[in-house]
Amino acid sequence: MSRIRTVGVLTSGGDAPGMNAAIRAVTRAGIYNGFNIKGIYRGWDGLINGEIRDFTTENVSGIIMMGGTILKTARSNEFMKPEGRKKAYENMQKEGIDALVVIGGNGSLTGARVFAEEYDVCCIGLPGTIDNDLYGTDSTIGYDTTMNTIMECVDRIRDTAQSHERIFFIEVMGRDAGFLAQNSAIASGAEAAIIPEDSTDVDQLARFMKRGIRKSKKSCIVIVSESKKCGALYYADRVKKEFPDYDVRVSILGHLQRGGRPTAHDRVLAARTGVGAIEAILQGQRNVMVGVRYNEVVYVPFNEAIRSDKPFDKKLIKVLDELSI
Ligand code: F6P
């Protein structure tokens, strides 16, 4: 294996708060350890189209507190095709890039795994997604910020829900995972969460209604994970039909959940995993995602990281059930 001199960094897939802190960490730790750093714009598309610039420490000054990603991002269709990956590899060679640090979620790290296998290149992943659905890391960069954003939104919606004595169904992101829904429901004192990890054969809404939807409260909040095939509108309609005298409203939080200044937790996670990525390269590691588990930086092979069955602590369901009486 030839010595690695130049490291390319890119962000891919949905942006997540803390991605800029991660770009900064990779760039600074890379330069500190003697590597040349190149910023690749617009994710895998930028590698295919040669949108690449030399990075100095100045390129990443003043960005630690910014949401989004200064490198821009994309969901690349081209990179899914062998011809696209060939162009990406040719550009890597042309630019003298020996290793890549890919900051992104499940889809982006799946792309990194395929590329690394196909062209025998060193790819290191950082878990950058609000969904928290990557295996082997307790949390992903962006998840904590989004949790806090949802919590603030629900606090506000509760003010109006209580004033009007209404039932609100609030839909949150998370793709196929219910981490955001369940934990934000606990954090905001919601009355219920409807998530994919709860037993699929049980109608979660029926179970919740059986408990007595308005036994002790006049208003109530139900958080619905977008991953459920039927979203918040469907559940609201059902309640309206069964209880026509209930005043029901829906709020879909949408992309506002992805923006904003990253929390301290996400900035520290980005810093630790960014430094960990450069350390991985120095150690000769390849094709791993850098995560933090039990407060230790860990290296998780891509195959593991992108598994679809990240453990969901079922006790969280009990916690919400007991506290929402
Ligand atoms: O993966 C992050 C995420 O925000 C998911 O929670 C959501 O399902 C998806 O991206 C939305 O993607 P887009 O911004 O492309 O609509």
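**View 1. The cysteines form 0 disulfides, a disulfide being a pair of cysteine sulfur atoms within 2.5 Å.** The model is predicted: local features need pLDDT of at least 70, side-chain atom pairs count only at pLDDT 80 or more, and totals for chains, interfaces and linings use all residues. Residues are numbered from 1 along each chain as its sequence is written, and side-chain values use heavy atoms, leaving out hydrogens and water.

**View 2. Cys220 is in no disulfide.** Its nearest cysteine sulfur, that of Cys153, lies 18 Å away. Cys220 is buried, at 1% relative accessible area.

**View 3. The whole structure holds 1 cavity of 30 Å³ or more.** A cavity is a set of points on a 1 Å grid over the protein atoms alone where a 1.4 Å probe fits but cannot get out. The largest cavity has a volume of about 100 Å³, counted as the space filled by probe spheres set on the points.

**View 4. The largest cavity is lined by 14 residues (an atom within 4 Å of a point).** Ala192, Ala193, Arg207, Arg211 and Asp321 lie nearest its centre. Two or more lining residues come from each of β7 (192-194), α7 (204-210) and α11 (315-323); helices (H or I, at least four residues) and strands (E, at least two) are DSSP runs, numbered from the N terminus. By class, the lining has 7 nonpolar, 2 polar and 5 charged residues.

Key:
Buried means under 20% relative accessible area, exposed over 50%, partly exposed in between (1.4 Å probe, protein chains only). On a 1 Å grid over the protein atoms alone, a cavity is a set of points where a 1.4 Å probe fits but cannot get out, and a pocket is an open set with protein on both sides within 12 Å along at least five of seven lines; lining residues have an atom within 4 Å of a point. Ala, Val, Leu, Ile, Met, Phe, Trp, Tyr, Cys and Pro count as nonpolar, Asp, Glu, Lys and Arg as charged, and the others, Gly among them, as polar.
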